[in-house]
Amino acid sequence: MMFSEHLTSGWLQQLLVVLVKLCLTSAGPLRPNNGTECTAKTPASYILVFTGHWSPRAFPKQYPLFRPPAQWSKLVAVSHNHHFHLWEEGAPASVGVQNFAELGVTVEVMKTAKESRKKRTVGNMYRTAGIPNGIGHSSTEMVVHPRNSLVSLMVKVIPSPDWFVGVDSLSLCEGNQWKQEVTVDLQPYDAGTDSGFTFSSPNFPTSPPENITKITSQMPNHPANSFYYPRLTELPPLASIKFTRQNRSPDRHAPMSNHILPNSINPQRFSATPLDCEVSFWSSWGLCLGPCSRGGIRHRTRYILLRPANAGIPCPELEEQAECVPHSCMKRQ
């Protein structure tokens, strides 16, 4: 009898271990709380304002003036928890992120967010209108819940191969309190799906695709790159976002529609970025011309690739000459 009970007890212990393993596997990787989870009791309402700082004063190199001029796409924002990423630096871009970064199309990225909302990893999704200039504002009201207190967003840089600005998993909650105001300066990112170097580069798919990387003043380290400013330690902010909490309850008023704010809001003033002159290599020497009695002169030239701006280093001489002996004189000797 005791032997039978021992077998039953051992079998039950093994079954319990198997069930625990199955539960852990189906639940996915566990994330320790570490005090980072939002324990606020109620949802919060925020006004999100996106501001573009993309000006020829701050970014004079290859600044797009037409076909198309510098502008911003519509903003895409998602509230979510730790189990979702709209995009992530160092990770490959999804099909939705690729379509948005290259073409400004939101269909796939919003579809992915909607599917994740069924799994309760995404809360709400928002879009704002595009901005037809490099400097401007757009806004929307967001309602954020404690279980989805992180916000990720993207805005495409237009024109560009696959560049965008945004934030990944920005927390609006700290412990059991919602933050009153959050401001973040934004830098450009490369989605890793197009190998173009300049704002107006033709379509040049990256094969195989690379991971999402941050664009800096010296990376990519190539003078043709539109954001290449080797004299700067870091780029000025290309844009910024500001979340401001609303005191009223999000359940007791009509939500504000997405819109472009008037230019009465003054943009931030950044110091002018110096742009040094860039010139081509010297051409070959021209023919040696002149009388044999005095000797000849030959010339070579180079041309300007990039004109200086904002007190950058001026252009050097574009023409050079040197003494020489004409070929006809050499034959007579």
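## A charge over a ring

The charged end of arginine 298 sits over the ring of tryptophan 285, 4.6 Å from its centre. Such a charge has NZ of Lys or CZ of Arg within 6 Å of the ring centre and within 35 degrees of the ring normal.

## About the model

This is a predicted model, in which local features need pLDDT of at least 70, side-chain atom pairs count only at pLDDT 80 or more, and totals for chains, interfaces and linings use all residues. Residues are numbered from 1 along each chain as its sequence is written, and side-chain values use heavy atoms, leaving out hydrogens and water.

## Aromatic pairs

The whole structure holds 13 aromatic pairs. Rings of Phe, Tyr and Trp (its six-membered ring) pair if their centres lie within 6.5 Å; planes under 30 degrees apart count as stacked, over 60 as edge-to-face and the rest as tilted.

Tyrosine 46 and tryptophan 178 form an edge-to-face pair, because their ring centres are 6.4 Å apart and their planes stand at 70°. Both residues are buried (under 20% relative accessible area; exposed is over 50%, partly exposed in between; 1.4 Å probe, protein chains only).

The rings of tryptophan 163 and phenylalanine 227 are 5.5 Å apart at their centres, with planes at 50°, so this pair is tilted. Tryptophan 163 is buried at 1% relative accessibility. Phenylalanine 227 is buried too, at 0%.

## A ring cluster

Ring pairs join Phe50, Trp54, Phe59, Tyr63, Trp72, Trp163, Phe199 and Phe227 into a cluster. Phenylalanine 50 also touches residues beyond four places away in sequence, including Leu75, Val155 and Ile241 (contact means heavy atoms within 4.5 Å).
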